Structure formats: structure tokens, C-alpha cells
Amino acid sequence: MNLSIVFYILGKVVLCEGFLLALPLIVSIIYKEPVTISAFVITILICVAVGLLCMVRKPKNRVFNIKEGFLVTALSWIVISILGCIPFILTGVLTSPVSALFETVSGFTTTGASVITDLDIVPKGILFWRSLTHWIGGMGVLVFVLMLKAPSGGSDTNLMKAESPGPQVEKLVPKLQVTAKILYGIYFGLTILETVLLLLGKLPLFDALTLSFGTAGTGGFGIRNDSIASYSSYIQWVIGIFMVLYGINFTFYFLLLIRKPKKAFSMEEVRAYLIIIACAVLIIMFDMRDRIPVIWDNLRYAFFQVGAVITTTGYATADFNNWNMVSRTVLVLLMFIGACAGSTGGGIKVSRILIIWRTVKKEIKQFIHPNRVGKVTLNDKTVAHEVVRSVNVFVMAYLFILALSVVLISVDGYDFTTNFTAIVSALNNIGPGLELVGPAGNFAHFSAFSKIVLMFDMLAGRLEIFPLLVLFRRETWRKF
Amino acid sequence: MNIILVGCGKVGNALVKILYDEGHNITVIDTNSNKINQITEEIDVMGIVGNGSSISVLEEADFENADVLIAVTGSDELNLLCCMFAKKAGHCRCVARVRNPIYSQEIEFIKQQLGISTIINPELATARELSRVLRFPSASHIDTFADGKVRLIKFELKDAYGFDRMPLKDISDKYGCDVLICAVERGHEVIIPDGNFVLNVNDIVTVIATKENAVEYFKKLHLQVAPVKNSLIVGGGAIAYYLAKDLLQHNINVKIIERDMERCEYLAELLPDATIIHGDGTDRQLLTTEGIEDAESLVALTDLDEENMMLSMYAKKQGVNTRISKINRFEFDELLDELDIGKVVFPKHLTCDFILQYIRALQNEKGSNVKTLYQILDNRVEVVEFSVAEESEVTDIPLSELQLKPNQLICCITRGDQVIIPRGKNMIKVGDTVIVVSLNHGLNDLNDIVAD
């Protein structure tokens, strides 16, 4: 275990956070919020101090293995959340540290589950920081650091592996740093495009930026109490379409950029993702045809909500908790599926679902022809046995955590739907669930213990479980 | 540069590491997914599992934008096919490893017809290196520069010859030879010496000289300069064949011991002037019968590294002066220094070096005035050959007045046919070729050597 390099990178991550905290500081200066300004200044100073402290000892050995990669990833996310929650406490928006931490973890993991009951009285600086955490967390903190830091050879792959979502890490170009730059370039470009389109819909710059941040990271923190419902239908369409765009594997955009549209559109995961969205929209439209008779409104509501849930963003234009049973059930199922691998969305990921679906199909054929030799394929390529196995193990671990968490938070005594959808929504980084945690409700009423369980689930969901579980193994901390 | 490398064997692996360190964008292709996983985990390169001679795999590796394709799989035909496809469908330069002697005779034809830029035959390259050392037995390694006019010779200082009390600047006066010591390995340290440097016994010294001067210099040091008169080669593989052919051309007697009868007959047919012995090269009786005591040199070229090392040690006991063993695996190469097994050649190293030199030369084509670039002494020292195209702050000034950066040395100037080992009063002129030895990597311009 090379702890010195772990701390060194951790220091860099924290310094980065301090640098990013300057943005909400500027916002609060513009809006003349003295308490918020001092809160951000203090937090920045703490970040710089902690960051420099971590980086004091330069590591002799700059190489780190997969173990260190996992460790540094898990620790980074925890540490930036702890530091990021300081402004909430200092401004008095959230007085309890657990609630403040919950809000920050929910932000960085792009969940968007909130414990703030009234957003209208929250200072603009804090609202901006909340949305910015989504943007930072969406593509990943370490990928951001990777883009900036001097490359240290192949071991950087271990960082990317631990943080990027999906069953396999795909590089776009041979060099990791260049890959990180391209990914952030696409991310940046899409964010700017969305902001401009929102500005064209006559939104103020503050609203346009915060909403784009929330969409980009597939987060879902709104700046109004009713999320997106009170915006114009143009704004809802823009956000709806962009949510779906951010849920697409970024390799798709890269292929488009290097003018290989044929290859881009032949990506099976993207196709499956779009087909699932289309089917879900049609089912919900049919189910809700009596309650929302105007077909365009019906389409807008259904499309927005399907997009918000499958990409794990969690914005809402309607309180879908009151929708018909079929629609609600479909939405809960979509929560599990999640977005594409290599996107900013969470959930199990469409590619994993595809691999599992095909494994099941293969196994059924095996029952009929016991000696049959079959392979699981994705994008016309055989999926290696190790990948299939890791997908299966991932889903099992995921279900174990889900079951255990539901039991743990049931101590609070709420109904089953609330508990179950709260955990599903945390583990898949969505935000709203059903009943008490539906789009109209929030997570404030849960006990501190339940909040800790939910925070763990959010981190586990964002980091795809294993980096977080590694923290709990004794071997991780041993030297040999 | 964007480089595609097909084949992740030992050579491929070693190449990837060095090329990555030099900052290239590399995509590796291999049919074995384990090898690809291993390499992508270790190094920041893109890995593709598949057959490198398939167009769809090459497309995935983005060969249209690649500058160089290097094919070093185990199969000659596959290597040639990869290069052919990449060349026909893309615009990259291609380097292929082709080792079958039948193809090597037709290498120029293949190169032309398939449009392959360079073909490396590791066995042939190894044989040439062996032959150079056998013809100049005191050196442990020889590189040639300036179209063969200048040689870089590495040897171990086994005896002090009074050097250990004398700073370098006095040595050349005493011996009166135009030879320059340009790098010294002491333990694990590499030093670019200046005039006040004092040598120690057991230093490994690299000198630069013309061929004639080197002979004279070594004679004054009482080191063996004449080529060996005969050579006993154990193992009759491809290297042995090429080596024997080369040595016979230089009138050196060759005896090859080979285990396989069929191979013996084949060799006897191809090398009528050599003595081919059928038998086990590790058989003590046979070695004695074939006169190992009287052999001037022994080259151990069997397939087993251990056997080669053992043979070399046994030969030392029998009083053979020049011993060379071929070692295939170079994972633990630093251990070999501690064993007394004479000189060692790594055919795989040579293949790597050859390809690296090609890539570096390609890179230098783009805009810099570097003519050739060698890395010596485990790649720790760069030897760069510059051509001086125009007047600058280094031209027309006596070298003694130039303030060079530390760890750099101007060690040779070629002016037309004249080779100058420079002293303080010499000057660099426009049109010269200058060789600089440096511990700092990445020299691009002659003006970079001057301290600011």
C-alpha cells in the first residue's frame, strides 16, 4: 500500500475543489450575500490548507496499483463531500452536519435528493454551489484531476477504472489524459449549448446555468420548490432532450466528432437505450391518456419524466407520485436500468442489462442443447467471460446492498414504498422516489442514521459499489 | 507520433514501454486478451484484441491517422501482411520483423513490392553485432556513426595502466591518440567526464574514435585488437548461420556444433568452408575433442539461456579469451553483470534498439536538425548527431570558450571526409556534422547544449 501517493492525489483533488469553490463565491459577491461570501472564503481557505497538508510529503514512488486507485477514488469522494458541506453549515441553511453532508453527497453523486424544505429562502451562492456539485460529480472528480495533472504512466488507468461507470473502461484515444480532455470537452460543449438554449427561452443566466449543471451531471437539484414544473414548456423540452443526451455514452459523441456516424449509430447500447425510452414513453402516454387528454402535453410530461428517471437526473415537471399505477411501476423499473455506460448517468447501466439479458438467453439455449457452445456479444464483439462474470457479481452486490439498506432504514417506521423507492433512488443516484420521497416530498424527515445509510448508497451507486466496499476490507490497509 | 504496434511479445512489450516514455500515442494489437489486459493496466496505451492483419481491427486502431505501424508478432507472414494492408489502405510507415532466412535474401524485393519502410531481421542484426565484437575482441560493444567513419567503443578498464592517477586531459597528451572518452559507467552511475575526471579500475569506458585510431589506442593499452583467429559456435540456429557466413568472409575459422543432424546437413550445404560438428554442445568430451582449449573465442547460441551461460563459464575455465552468450530473456539482465559469463547479447534488445532508432529518426525528420540519435548504456545516455546548417551562437567559436550545460560533451566533428576529435581550440563550422553525448534526453537543436 503506497499511502503517500494516495494522500498526494487526495491533496490535489481537495485543491481542485477549493479552486472550484471560487465560482459560487463569485456568484454570492454578485448577489451581495455577506454571510455566504464569508462562508465560501472560509471553506476555500480550509480546502487549500487541507490540500497543501496532504501534499507536503512528495511521494517517492509515483506508481500505484488498482488497490490504491480504488482507495484514492473512494476517499476523494468522501473527503470532498465533507469539505463541500461546510458552506451549508456556515450559512445556516442546514444546521445539522449530517443533513449538510447528505445534501453535498447527494450533489456530488448527482443524486439530487434534497433535505432542504424551502428553496426560496436559500441564498443564491449556496444554490449555485449545490448545482455545481452535480456538474463536478457528473464526469468525475478524478477524471478532472487526471486532465490537469502530469501523467504518471499506466497507473493512471487505475484511477479512471475506479471512477468511470460501466462494465469496461473505454479509452477514446491511446492517452488517458487526452481521453479525459476530450470527455470534458464534450461535457463542456453540451453544457454551454444547453445554457444558450435555455437563455433563448428567456431564463435568467443564473437559472440557465444552475439548471444546465443539474442536467449535465444528471443530478436533479432544482432551484424552485416545484423543480421544473413552473417553467415554460419550451424550457421543459430543452431540459428533457438534454437529459436524454447526457445519458448517452460519450463515445457516441466522440465518434460523431471524428465523423464516423455509421459506427456511432451502430452502438447497441445507445440503440437499446433509445428504444427503452421510446417504449416507456408510449406505455405511460397510453396509461395516462384519460388524465392528460391533450396529446402534446401528455407526450411532454411522459417524455420528461421518462428521461428524468432513466438518466437518473430526477427533475420533475409533475408529481408522478399521483400518476396511475402502471406509469409509476414503469418509472420505478426505469430507475434500475439507468443510463448508458460512459455517460454521466447512474443506475445499473443499459450495457450491463444487455449483457445480463443475453447471458440469460444463452443459458436458456444451453438448457435445450446442453452441449451448445455460445458466447455473449455486444456491438458484434464477444464479451469476455471475465466481463460477464463481473457484471453478474456487480448486480448481485447491488441487490444485496439494496436489500440490506431497505431493512436498515425501515427502522424509521415509514411505509414500504417510501423506504424501497428511497433506497432505489439513492442507490441509482436519481433523487425522487414515491410516496413521502416523491417529487413533492423530500428526505428531510429521515433520521440521522437513515441518512447515513442513504449517503452510503449514493456513494456506492456513483462509484459502482466496489471502490467503496474496498475501504472496508482489512487487506486494503495492510502493507503486504 | 501515433504508433500502432502489432504483437505484444517480449519485443513488443519492451518497445511499448520505451516508446511510451518518449511521449508517443500507442495502440497495441494482439490476439491474446490477457496480454492486452496486462499491458493496458501497466501502461497508458490503447489495447485492441484481434488479428492485426484484419482491416476492421486496423480501422479500430485508427490506422488512417497512424504515423508508423510496427509488426512484431511471431509470424513473418502475419507481420508482412499487416504492413501490406496498413500501407495500401493507410498512409503510415511500416516496420516489420522478418526472420526467415529465405525472405532475408529477398528483403529489398519485399520492401519495394509491399512498400514496407524497414524490415528487421533480429538474427541477422545479432550476427552482425557478434561479428563486430569478434573482430575487435577488447570491446564489449561497438556502435558506428557518421556513415561508419566513427565508432563508439565500450570496454571495461580491467587494469589501471596508470590512468587512475591522471586526469583525463593528460592522458591524451601521454598516449598521443585522437581518442575521446565520452562516457564512464561506475557502478550504477553514468558520468560524462570532463578534463579533470580521473578513471578507476573496473570502470566501463565508452570512447569515440575513428577505426584506425581506436586500433592504435587499444594497442597502446595492450588490449587485444586483432580479430580472433577462430571461433567455436555452439548451436546452429539462424544467428549461427549468419555469423559464420560473416566470419568466413573475414577469414576467421568457424566450427559449429549442432545437435540436430538434419540442421547440420543443411548448414554444411550452405557453409562449405565451415566445420560442422554433429553432437551435443554441452558434452564435455566433445568440447575437448573439438579443441576448446585452443579456441580463441566461443559463441554460445543454443536456445537455452542457462546452457549458454554455463558453456561460457566452462570456456573461461578452459582459457578461452573471448566468450559471448546469447540470452533471450532480459527481465533480470542486471543479474548477469554479477556472473562471469563474458559478453552477452540480447537479440530482442537489438530488435528493439533497431526499431527505436528508426522511429527516432522519423521523428527527427520533422523539422529538427538531428541526423541520428542513439541511446547507449541502458538508454541513460543519448548520442545525438547534428548537422550544422547555419551560423549560430555555437559556430566559429573555439570550443574552450563555449559554456556547455553540465553532463554534455561535444565528442566528434566530421567535416567532409575529415573526422576531428575536438580539443579546446577546434571550432564548429557551417556544414559540419557534430556528435554530442548527453545525459539529458530530448536534445533537439545544437544550440540547446549551450548554457544560458
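**Entry 1: where the chains meet**

Two residues are in contact if their C-beta atoms, placed from the backbone, lie within 7 Å. I wrote that down before looking at the two chains. The model is predicted. I looked up how chain B meets chain A. Eleven residues of chain B are in contact with eleven residues of chain A. Which elements give two or more residues to chain B's side? I found strand 2 (25–30) and helix 2 (33–42) of chain B. Helix 2 of chain B gives the most, with four residues. I then sorted the residues on this side of chain B by class. Four are nonpolar, four are polar and three are charged.

**Entry 2: domains of chain A**

I turned to chain A. It is divided into domain 1 (3–246) and domain 2 (378–477). The C-alpha centres of these two domains of chain A lie 20 Å apart. I looked up their contacts: 28 residues of domain 1 of chain A are in contact with 29 residues of domain 2 of chain A. On the domain 1 side, the elements giving two or more residues are helix 4 (66–84), helix 6 and helix 9 (156–163) of chain A. The residues on that side divide into 13 nonpolar, 13 polar and two charged.

**Entry 3: A:Val115**

I picked one residue in chain A. A:Val115 lies in the loop between helix 6 (97–108) and helix 7 (124–139) of chain A. Is A:Val115 buried or exposed? A residue needs 20 or more other C-beta atoms within 10 Å of its own to be buried. A:Val115 has 21 such neighbours, so it counts as buried. I left aside neighbours within four places in sequence and listed its contacts. They are A:Leu94, A:Ser99, A:Phe102, A:Glu103, A:Asn442, A:Phe443 and A:Ala444. A:Val115 and A:Phe102 are 13 residues apart in sequence and 7.6 Å apart in space, C-alpha to C-alpha.

**Entry 4: A:Met335**

Next I went to helix 17 (residues 325–337) of chain A, where A:Met335 is found. I counted 24 other C-beta atoms within 10 Å of A:Met335, so this residue is buried. Not counting residues up to four places away in sequence, A:Met335 touches A:Val309, A:Gly347, A:Val424, A:Ser425, A:Asn428 and A:Ile430. I also looked up A:Ala308. From A:Met335 it is 27 residues away in sequence and 9.5 Å away in space, C-alpha to C-alpha.

**Entry 5: domains of chain B**

Chain B is divided into domain 1 (2–120), domain 2 (127–220), domain 3 (230–349) and domain 4 (368–449). I looked at domains 2 and 3 of chain B. Their centres, taken over C-alpha atoms, are separated by 27 Å. Ten residues of domain 2 of chain B are in contact with 15 residues of domain 3 of chain B. The domain 2 side has five nonpolar, two polar and three charged residues.

**Entry 6: a sheet in chain B**

I traced an open sheet of five strands in chain B. The order is 7-8-11-9-10, and the pairing is antiparallel. Which strands stand at the edges? They are strand 7 (141–145) and strand 10 (189–191) of chain B. Each has a single partner strand, so one side of each is left without a neighbour in the sheet. Neighbouring strands are turned by 20° against each other on average, direction ignored.

I followed strand 9 (residues 180–186) of chain B to strand 10 of chain B. Three bridges join them, and they run antiparallel. B:Val184 stands opposite B:Ile191 in strand 10 of chain B. Last, I looked up what packs on the sheet. Helix 9 (residues 211–220) of chain B does, touching strand 8 (150–156) and strand 11 (204–210) of chain B. The direction of helix 9 makes about 130° with that of strand 11 of chain B.

Key
Residues numbered from 1 in each chain as written. Chains lettered and ligands numbered in written order. Predicted model: local features only at pLDDT ≥ 70, side-chain atom pairs only at ≥ 80, totals over all residues. Buried ≥ 20, exposed ≤ 12 C-beta atoms within 10 Å, placed from the backbone. Pairing = 2+ DSSP bridges. Axes fitted to C-alpha atoms, helices over the stretch in contact; angles between N-to-C directions. Domains from an automatic or database assignment. Nonpolar A, V, L, I, M, F, W, Y, C, P; charged D, E, K, R; others polar.
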